[in-house]
Structures are given as structure tokens and as C-alpha cells.
Amino acid sequence: MSAMTWAGSIFDTAGSQAERIARLAWFIITVSTIVYVLVLAATALAVRRARARTARGDLADQAPETERRLTRHVLIATGVSTILLLVYVTVTAQTGRAIAWPMNSTQQPLTVEVTGHQWWWEFRYRDSVPSNWLSTSNELHIPVGRPVRVILLSNDVIHSFWVPELHGKQDAIPGHRNTTWLQADRPGVWKARCAEFCGYQHAKMAFDVVAESPARFNQWYVSQLASASPPTDTSAKRGQDVFVQRTCVMCHTISGTPAGSRVGPELSHLATRPSIAAGSLPNTRENLSRWILNPQLIKPGVHMPPNPLPPSEMNALLDYLETLK
Amino acid sequence: MIARTASRREARVRNAVVIAIALAAINGCKREERRFDAEAPSAPAYAAVAQDTLQPGVPRPDIDVVNSAEKNAYDISEGKRLFEQWNCSGCHSHGGGGMGPPLMDDEWIYGSDPENIVATIVEGRPNGMPSFRARITNQQLWEIAAYVRSMAGLTPKAPSPGRDDDMQYKVDEQRTAAQPPRASASRGTPPKSEKP
């Protein structure tokens, strides 16, 4: 679960789509490496032979039969290269076709609307019952073995949705709906990233992907769908007042409170998330207070302003945020 | 000899002009500078704004607040983003006015100076304008004020943002026609008889 240090790899696959991509990558890397080594060897050989001939004063290069032989060699090499490139085209197209759609699944797909913002991710789980629609931020939970239809939207500039262990990249374009499919075949926790340069904090626009068994997924879904539990102790109650009477309320939502703005990430169940600030920091009390006090020190240019709260209000606010399970 | 001196003087003048233009250009770069740790104008500057010009004793001197956000393209574009995201358009309708008064004309009920606009946002106004006290940071207040004034053509044209990072709903400020000078956009707080 060391989400912060993890680097991500397309070869550490967790789904059939990523597996096909990894297989294609290995095939192209292997064949290209062999071709590269052969070409270098042929060049070295040619240089050595030519030098030896010049030293001998041999003029065989100018004979017409040599010219014909060399032309034949060049033609063969060109033909082999063309065939290899055509093979690349064919297997790439085949792979693209195979991963574009979860063809062999019989299960009803789960639909998630993903919106890229500068610089965080918004996830909306669709359901046939509107009251079951779930909104969350920077953390994507998916059930293992069930196809997930990902609808990609953007609110500002072009972003790109990339979970390296599950699938390739797909752009999120403002004013346009893109669709991609995911399916995890084993449980796991991965870090996913924005893969299209989108401004100052593109590097800190990550999200956590949690693939878990359908039972655990449903449990998570139900817990997220519930309103944030109202605070019980005095300090947390004061913290809620701070939240709805200070700058927080202008951008964030906490269900069950008057805070309902959709400008920034949804915080109804903030305490359950592994990281804050779009995967930039582990979700600890200390990081949270650093982030709230001055986000510009952690992600310069981020749209959240510095919030110079007095210590008593900050402590109460942190107490409240920690109750948002 | 005389001709050579003349050409040398010409060259010197040319160099001076080139240097002057370069310096002006370097200075111009600041309009695109993105200062993330920027200091807002002295925070409670708007607190000195009087709601009326009537007062006992000698007239109070007109305070003159310089809003640094008005000289910076990024700050104005941030003001624009916040204006949309916080639904100022819900009443003021992208500046054209709807339920709330229009902001792109030369009619100002509570004054057109930056500090007047900040005071309006912080305090709220009767008949609909909510008070955003303690809910908007100082820097953001001055950014919004800069954008509001830019809609009426009251800010310098040079730093109007060339493009937004957001979805655009209208033509860029730079590509709209020049606003005619406004005679009645006076300083201070002219008490107007119009009801909001």
C-alpha cells in the first residue's frame, strides 16, 4: 500500500488488456533489438572488409557483378524490413481491436464518469437509480472481474487518463466525451496518473486505483453513498462550523452539510482516502494541516488558496475532517 | 570626419532606442507572470470606504487603492474563473446583468473603484447581493475586483488575458472591440438614486 513510492509499470499487468499491451511491447522490443544488432553487425563487417580491400589495392568494388550482387542484397534487406513493419502494423491493429472492448464479459458493466480538472480527478458512478449515483474524488474503486466503462470528460484543458497496470492512455478532452474500458483481473492498489501535460501541476495530478472483490466493492460503495456522519464531540462540531463559515465552503462538498460546491474535490469521506491533494501527500493530520494552511508551497499554482486559519480553528477543522469516515 | 561623427551619433541613438524598447519589453513580461505567493493590497483597504459622501466636518480625502491584480493577466484570468465558478454569473450573467445589475456598463450603484467592489463582495448589498465575508481570501477578492472592472473597460487593456485555462463562453477580452471612454465612471462613491 506504499502508494507514494510506487513507480508504476506497464509490465506489471493486472488485466487482460494490459497483458495484451505488454505482450505487444515485448514482441516489438525483441524483434527491433534483433534487427538493430544485425544492422550494426552488418555495418561493422562491411567497414572491415572495405578497409582490408583498400589495403590490398583490390578494385573488385568496381566490377559490374559486385554491383549486381550488392543491389540484390539491398533489395532483400528492404523487403525483409517492409515485411517486418507490416507485421508490426498487423499485430498492433489486432491488439488495439482486442483491447478496445471487453468482448468476452457477460457481466453488466459498471459506468464511471471521470472528469479531469486542473489538477485533480472527479469520479461519478452511474446507476439506474439516480439516488445511487456516487460522487468521489481522486480515488477510483473498481470490482475485480467486472468490466468498467470509463466516460472521460474535462473541465478545462486536455488531460489523459492512465492506469498503467490495466490499460493504455485515453485523453479527456473539454467539450467531448471519450470512452475507454477497464477490467481488473486481480485485486490491487495502484497509482494512476494524468498522461497529458496540463499545466503547472500536471506532475501532481495522480489518483489511487483500488481493485477489490465485488463484495468489498459494494461495501465501499454503500459506505461512500451515506451522508457524512455528523460530528459528536465539541471540537469536531466547532470544526464543522469553521468548514461552512470559512473559505472551505466556497469550493468543497460534504454531504449532509450546507457545503455543496462542486468547484473542488468532494470531501464527504475524506478520512477513508489514502492520499490528499490528488495523490501528492499521504493522508495524515500533519499533511492535511500543511496543505490547508498553504497549498501553494506544496503544489505551486494549484487553485486552492492559502487559508491562514488561527490555530484553534485549524485544530477544530482537522478534528472534524478526521471524522469524515 | 564630420560624416563619421554623425554616423556614430546615429548609432548611439539607435542603440539607446533598442535598449529602451528591450527594457519596455522586459517590463511588459510581468503582465504574464504567475505569482502564486502574491500579496494582496493591504487587506482591510476596503474598510475605509464610506457608503455616503455626506459627513460632518471636513470632507474625508479620497483614498486611492492600487489593485496590483489589475496589471497581471494571470490574476485577471483567475478572477474570471472564480467569477464563473462561484456563480456570480447566476445574477450578473457574465457581466450583462440579469437578476443582478450589469457590470459591463458605466452605471455603478456602489462605486467603481477596486475598494468599492471588494467592499460590495465582502459586505453584501441590500436586495440580493450576499455577503462573502470570511469566505473568500484577500487575494481572490482583489482578483475578482480586477476582472469585474476589466469587464467595464476600467482596467489597462495590456494585461487582459489572451486566453483562459477554462472552457470559454465568449470571445477573449483582447479580441473584443475597444470600449469607449466612460464619462460617468467617476471615482468615489456617488450616491445614485437607482434601486438595485
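What follows is a walk through the structure, one selection at a time.

This is a predicted model, in which local features need pLDDT of at least 70 and side-chain atom pairs count only at pLDDT 80 or more, while totals for chains, interfaces and linings use all residues. Residues are numbered from 1 along each chain as its sequence is written, and chains are lettered from A and ligands numbered from 1 in the order in which they are written.

**Domains of chain A**

Begin by colouring chain A by domain: domain 1 covers 16–99, domain 2 covers 110–222 and domain 3 covers 234–322, with bounds that come from an automatic or database domain assignment. The C-alpha centres of domain 1 and domain 2 of chain A are 42 Å apart. Where these two domains of chain A meet, five residues of domain 1 are in contact with six residues of domain 2, a contact being a pair of residues whose C-beta atoms, placed from the backbone, lie within 7 Å. On the domain 1 side, the largest share, four residues, comes from α1(A); by class, that side has three nonpolar, two polar and no charged residues. Here Ala, Val, Leu, Ile, Met, Phe, Trp, Tyr, Cys and Pro count as nonpolar, Asp, Glu, Lys and Arg as charged, and the others, Gly among them, as polar.

Next select A:R51, which sits in helix α1 (residues 16–56) of chain A; helices (H or I, at least four residues) and strands (E, at least two) are DSSP runs, numbered from the N terminus. A:R51 is exposed because it has 10 other C-beta atoms within 10 Å, where 12 or fewer means exposed, 20 or more means buried, anything in between means partly exposed, and C-beta atoms are placed from the backbone. A line drawn from the C-alpha atom of A:R51 to that of A:Q94, 43 residues apart along the chain, spans 46 Å.

**The sheet and its cis peptide**

Move to the open sheet of five strands in chain A, whose order is β3-β2-β1-β5-β8 with mixed pairing; two strands pair if DSSP finds at least two bridges between them. Its edge strands are β3 (134–137) and β8 (178–182) of chain A, each pairing on one side only. Within this sheet, select β1 (residues 110–117) and β2 (residues 120–125) of chain A, which run antiparallel and are joined by six bridges; A:V114 has A:F123 in β2(A) as its bridge partner. In the loop between β1 and β2 of chain A lies A:W119, and the peptide bond joining A:Q118 and A:W119 is cis, with omega about -5 degrees.

**A buried loop residue**

Now centre on A:A228, in the loop between α3 (214–225) and α4 (234–245) of chain A, which counts as buried because it has 21 C-beta neighbours inside 10 Å. Leaving out residues up to four places away in sequence, A:A228 touches A:I254, A:S255, A:G256, A:T257, A:S268, A:H269 and A:L324. The C-alpha atoms of A:A228 and A:H269 are separated by 6.5 Å, although the two residues are 41 apart along the chain.

**Across to chain B**

Show both chains: 17 residues of chain A are in contact with 14 residues of chain B, and the chain A side has eight nonpolar, seven polar and two charged residues.

In chain B, select B:N87, in the loop between α2 (73–85) and α3 (89–92). Its phi is near 65 degrees, a positive value in a residue other than glycine, and B:N87 is exposed, with 11 other C-beta atoms within 10 Å. End at B:S93, in the loop between α3 and α4 (114–123) of chain B, where phi is again positive, about 50 degrees, although B:S93 is not a glycine; with 15 other C-beta atoms within 10 Å, B:S93 is partly exposed.
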